[in-house]
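Work through the exercises below with the sequence and the coordinates at hand. Each task is followed by its solution in steps.

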Amino acid sequence: MNGKSQLGDFLQTRRSQLRPDEAGVPTYGERRRVPGLRREELALLAGVSASYYARLEQGHSLSASPEVLDAIARALRLDESERRHLHDLARSAKSHSRRRPAPERVTEAATQLLDALGHVPAIVIGRRSDVLAWNRLGHALFAGHLDPGAPDIAAQRPNMARLVFLDAHTRDLYADWPSKARAVVGSLRLVAGRYPQDAALHTLLGELSARSEDFASMWADHRVKACAVAEYEMRHPLVGSLTVTQQTWSQEAGPSIVAATTAAGSPSRAALDLLAQAITRTVPARSDSRLSTG
């Protein structure tokens, strides 16, 4: 995950995805070899020279100011998450740091929140999408086929990206699996931009690219996505179909907490209540999850 190549690949891919008519660039009916913008057209929209922009795409110029990056983001029609991702990539390209990211820990506050959300499925997710902890209902909804104690042992922790792309149970869990898969890839893209030196993340991305054609194709698309709130229809093997709103609370320097809620009085709420009753009879209480992972 070389910072220079990530920046260049992102710019080139997003430029190729932006059609002239979307950017307001006249083509006068000419036949074009590719549907996207040319480098000189993008440079003109961003107010920089074509040669400078070409060097930026090729990784030969790492001096782009925040103002220039913002101008390029506007020219590419990037949204706020994508704009921030562009800045992250530019910083990573200039950085020579080899410092490993800090280990992730489940804080006492996060543990208390999981306990407080006893009637709401909730999981604690690390930056690489490792499951660091879950409450009983979170385990039952998202991964009831796995050992409930798996997050307590670092070497056995489930990884949500692996589950979504490589696990048949999880794939069947989402009625619109491609939407969930794109959200996972978009989130990992953001993390890769922030932590280009994370070797474990690099290993995960390589594994997913090698084992899943779907992942490799979505990863090459360079779409980024910050999913704070998303609605999914789930097909749970125990309680059937239910629609949940997955909400993610991200911490600047720590893991994220993902909770799944349902509308009051809805069939989905009734299905979730049924699932809670089922696990009360079969699942032992969750043990504390306070281990760390690098």
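The model is predicted: local features need pLDDT of at least 70, side-chain atom pairs count only at pLDDT 80 or more, and totals for chains, interfaces and linings use all residues. Residues are numbered from 1 along each chain as its sequence is written, and side-chain values use heavy atoms, with hydrogens and water left out.

**Exercise 1. Describe the protein as a whole.**

Step 1. Count the secondary structure, taking helices (H or I, at least four residues) and strands (E, at least two) as DSSP runs numbered from the N terminus. The protein has 14 helices and 7 strands.

Step 2. Take the extent of the C-alpha trace along its principal axes, which is about 70 × 45 × 30 Å.

Step 3. Classify the residues by relative accessible area: buried is under 20%, exposed over 50%, and partly exposed in between, with a 1.4 Å probe and protein chains only. Of the 294 residues, 47% count as buried.

Step 4. Define a contact as heavy atoms within 4.5 Å. Among contacts between residues at least 6 apart in sequence, 60% join residues at least 24 apart.

Step 5. Count charges, with Lys and Arg as positive, Asp and Glu as negative, and His and the chain ends not counted. There are 38 positive and 32 negative side chains, and the centres of the two sets lie 4 Å apart. Each charge is placed at NZ of Lys, CZ of Arg, CG of Asp or CD of Glu.

**Exercise 2. Determine how helix 12 and helix 13 are arranged.**

Step 1. The axes of helix 12 (residues 199-211) and helix 13 (residues 213-220) come within 5 Å and cross at roughly 120°.

Step 2. Apply the classes: under 35 degrees is roughly parallel, over 145 roughly antiparallel, 65 to 115 roughly perpendicular, and the rest oblique. The two helices, helix 12 and helix 13, are therefore oblique to each other.

Step 3. List the residues that meet. Helix 12 contributes L205, L208, S209 and R211, and helix 13 contributes E213, F215, A216 and W219.

**Exercise 3. Is S129 buried or exposed, and where is H222 found?**

Step 1. S129 sits in the loop between strand 2 (122-125) and strand 3 (131-134). Its relative accessibility is 10%, so S129 counts as buried. Its phi is near 75°, a positive value in a residue other than glycine.

Step 2. H222 lies in the loop between helix 13 and strand 4 (229-236). With 7% relative accessibility, H222 counts as buried. H222 is not a glycine, yet its phi is positive, about 60°.

How values were computed: Axes are lines fitted to C-alpha atoms, for helices over the stretch in contact, and angles run from 0 to 180 degrees between N-to-C directions.
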